[in-house]
Amino acid sequence: MKEEMVALILAGGRGTRLQSLTAKVAKPAVFFGGKYRIIDFPLSNVANSGINAVGVATQYESTVLNNYIGTGRNWGLNGTGALASILPPRETPKGANWYSGTADAIYQNIDWLDKTHCEYVVILSGDHIYKMDYSEMLAFHKKNAADVTIACIKVPLSEAPRFGIVCTDKENRINEFQEKPKVPKSDYASMGIYIFTYSLLREALIKDADTKGSSHDFGKDVLPTLLDAGKRLFAYPFTGYWKDVGTIHSLWEANMDLLDDKCTLDLFSPSFKIYSADTFSKPQFISPSAVVDDSIVNQGAVVRGSVYHSVISNEVTIEKGAVVKDSFIMPGATIKAGVKVTDAIVGSSVVVSQDKIGTPTDALLVNDK
Amino acid sequence: MSVKVLGLVNCFDNPDFGPMTRHRAIASTSFLGRYAFIDVPLSNFLNSGIPSIGILCQNHIRSLSRHVGNGRSWINNTKIGDFQVLYDEPNVANPGYNTDVADINENRWFMRQVKPDYVVIAPPYMVYEADFKALIQEHIASGARITMLYMHGTNLKKSFINQSKIWLTDRGKITKMEPNRGEMDEGDISLGTYIMDYPMLESLLDYAKGTSSFFGLSDTLNYLSSSVLIKAVKLNDYVRCFDSLSHYLKFSLELLDENTFHELFADKWPIYTKTYDTPPVLYKSGCHVENSYIANGSIIEGTVINSVLGRGVVVKKGAIIKNAVIGSDAIIDENTHIENAVVDKEAQVLHISEVVGTLDDPLYISRGDIV
């Protein structure tokens, strides 16, 4: 095959801050938005960007995720000439190796990249909620004759210490990196989305693999080294909706964002759909005793109680007299009669038989099976 | 299943829903918002472990093909199983000769390819769930040449008109079959669903061909009912014959009753359909919805009561929908009133329009119409 640009998704992380939600599945496989898993977003972006080959590097609790990705059929990536590969760490003649960092996960898959004969690689995280056409970012990369292009977004300065921060000149060329700085020099944050010219990436990864003391991380090692070597690194200004859902609260917030009229994610856009697995659900039923207001409800849900400002997934049952408010209920959960759930995330297949009340500043995780 | 079974969905001589089925078969007509009627027999086949499926297509092949695609949604192993829309190309312009018998004859190549031991034939407009795995075992054990599913009807003067009415002995052998002319209320009605071994099907085809070029399967069986051992097996669970626009509306709304719904939809018996990748339903602040099925992609700002909405329906503020079936991607504008009506897909009901019919005579808005 010969592809201009291929995608590699880093989906190996556990996401410990999601607590028990990632006890059995990797973070990219966590449910989102009533009918999705988080990884549906980058995979749909790949499909919608006209990219035909994608590799997904998985490691932590990967069975559910690997099954979910399958042949890539849910995202249309199973056609002739398309390729969706699950890339777990594996045993080689040199021995067995786990992926020891983001750069190492790509380094161990250089053979896969070589076989695609690609000119460019877009490297993605499996745990962000956003829509992006990477072909536009590639046009920007080519226009600038860049070696590396990093998608960046303005964040509130108070939050900047959580991110990799970039400083640029007027032409968006990056002249400094700060990885999670205590005193950020700018409010321009890396989204962890990189386009590399492949020949340069290949060389940089091999060099990094041989570097003693390297943590084999893009943000900490590979990108600063390339910057120091005078390579052309550019920041691609992204202005749409983007959310890192790394914590219970941010996952809850991102779900609540879907209910905000001003949210620019535009899940309902027919021209840039987010694809997902079909759940073979029964029709969604809103019973005579139900109240549903300002909410998102997926097929297969049965609502007999009251739902206000919440996101309800497939096969969820809200029994009569139950009141769900400002919450995200994952697939197959049941909220028993008369129970109140507020400001919470309820895990998949959980049966909630007691009131569960979080706060708008600290959403509660309810995940006792 | 140790025997090799072919499932055939029979789309010949299906009833019509008036103008709603002018450009589509009942098979590909929307059912409960997110399904098409054909999903039910196809899912019965898949859930019964039937590996190969053919669709006997009388007409409206575009609408049917668009829904079923390559059929992957309804077969397990795509190499061992097979899925074909079977179309009688030479006869499609000769309505008289375009029968299910002629269609199977034209598509014998498919039968030769699948080499079934048994065939199950089921129509899409008779809606029921049945485990054909068990029924085939029962059929084999019974020694009957043909097993036919039936139901008992109590309203034959007004319903099941032209469906095959059957008479049977105490032991379930059919003695007589003829079309229901609505003479009496009580009676037993064939579900147009047959199980037989493949050589039996071949001899039925040969018999039909030798008798008349106009003969379809049900004519042939009516003719042979007294001389061939046809065993009738009664379905006691949910069965409805969707045979008119009024019944389409009534039976759709009847399924809003949870007990009726659970009669049709058993646990662990999924109904598979084509995915459209629509997002979940968005219920806007101030909307009012009760006792309704709403399919994904819909955006609800107005009032929806006792209704079934297809995918991507937009219900604007102040709109009231009651006792209605609304097709996919329809737009129901502000302050409109829809009651006892069927609004076809992509139709638009604009500002202050009234679309009000009765349950016996629902108002129908055609696909894509703007009123």
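Student: In this predicted model, which residues of helix α1 of chain B are buried?

Tutor: Burial is judged by counting neighbours: a residue is buried if 20 or more other C-beta atoms lie within 10 Å of its own. In α1(B), the buried residues are B:Asp39, B:Val40, B:Pro41, B:Leu42, B:Ser43, B:Asn44, B:Phe45, B:Leu46 and B:Asn47. The helix spans residues 39-47 and is mostly covered, with 9 of its 9 residues buried.

Student: What covers the buried residues of α1(B)?

Tutor: The cover includes the strands β1 (5-10), β3 (35-36), β4 (52-57), β6 (118-122) and β7 (126-127) of chain B, together with the helix α5 (132-142) of chain B. Just after α1(B), B:Gly49 takes a positive phi of about 75°.

Student: Which residues are buried in helix α7 of chain A?

Tutor: In α7(A), residues 218-228, the buried residues are A:Phe218, A:Gly219, A:Asp221, A:Val222, A:Leu223 and A:Leu226.

Student: How should I read chain B as a whole, and how many helices and strands are in it?

Tutor: Chain B has 9 helices and 26 strands. The radius of gyration of chain B is 21 Å, close to the 21 Å that the globule rule gives for 371 residues, so chain B is as compact as a globular protein of that length. Along the principal axes, its C-alpha atoms fill a box of roughly 65 × 50 × 40 Å. Buried residues account for 51% of the 371 residues. Sequence separation is a further guide: among contacts in chain B between residues at least 6 apart in sequence, 56% join residues at least 24 apart.

Student: How is the packing of two helices read, and what is the angle between α6 and α7 of chain B?

Tutor: Helix α6 (residues 198-211) and helix α7 (residues 217-224) of chain B pack at about 90°, with their axes 10 Å apart. The two helices are therefore roughly perpendicular to each other. At their contact, B:Leu204, B:Tyr207 and B:Ala208 of α6(B) meet B:Leu217, B:Thr220 and B:Leu224 of α7(B). By class, that contact has 5 nonpolar, 1 polar and no charged residues.

Student: How many residues of chain A are in contact with chain B, and which elements give two or more of them?

Tutor: An interface can be read by residues, by elements and by class. In this model, 25 residues of chain A are in contact with 25 residues of chain B. On the side of chain A, the elements that give two or more residues are β16 (285-286), β17 (291-293) and β18 (295-297). The largest share, 3 residues, comes from β18(A). By class, this side of chain A has 12 nonpolar, 7 polar and 6 charged residues.

Student: Where do strands of the two chains pair?

Tutor: Strand β16(A) is joined by 2 bridges to strand β16 (residues 292-294) of chain B, and the two run antiparallel. Within this pair, A:Ile286 has B:Ser292 as its bridge partner.

Student: What is the order of strands in the open sheet of 10 strands?

Tutor: The order is β30(A)-β27(A)-β24(A)-β21(A)-β18(A)-β14(B)-β17(B)-β20(B)-β22(B)-β24(B), with mixed pairing. The edge strands, each pairing on one side only, are β30 (364-366) of chain A and β24 (348-349) of chain B. Within the sheet, β24 (residues 328-329) and β27 (residues 344-346) of chain A run parallel and are joined by 2 bridges. A:Phe328 stands opposite A:Ile345 in β27(A). Helix α8 (residues 248-257) of chain A packs on the sheet and touches β21 (311-312), β24, β27 and β30 of chain A; its direction makes about 95° with that of β27(A).

Student: How many residues lie between the strands in the hairpin of β11 and β12 of chain A?

Tutor: There are 5 residues between the strands, and A:Asn172 takes a positive phi near 70° in this hairpin. The strands, β11 (residues 164-168) and β12 (residues 174-179), pair in the antiparallel sense over 5 bridges. A:Cys167 has A:Glu176 in β12(A) as its bridge partner.

Terms used
Residues are numbered from 1 along each chain as its sequence is written. Chains are lettered from A and ligands numbered from 1 in the order in which they are written. This is a predicted model: local features need pLDDT of at least 70, side-chain atom pairs count only at pLDDT 80 or more; totals for chains, interfaces and linings use all residues. Helices (H or I, at least four residues) and strands (E, at least two) are DSSP runs, numbered from the N terminus. The radius of gyration is taken over C-alpha atoms; the globule rule is 2.2 Å times the number of residues to the power 0.38. A residue is buried if 20 or more other C-beta atoms lie within 10 Å of its own, exposed if 12 or fewer, and partly exposed in between; C-beta atoms are placed from the backbone. Two residues are in contact if their C-beta atoms, placed from the backbone, lie within 7 Å. Axes are lines fitted to C-alpha atoms, for helices over the stretch in contact, and angles run from 0 to 180 degrees between N-to-C directions. Angles under 35 degrees count as roughly parallel, over 145 as roughly antiparallel, 65 to 115 as roughly perpendicular and the rest as oblique. Ala, Val, Leu, Ile, Met, Phe, Trp, Tyr, Cys and Pro count as nonpolar, Asp, Glu, Lys and Arg as charged, and the others, Gly among them, as polar. Two strands pair if DSSP finds at least two bridges between them.
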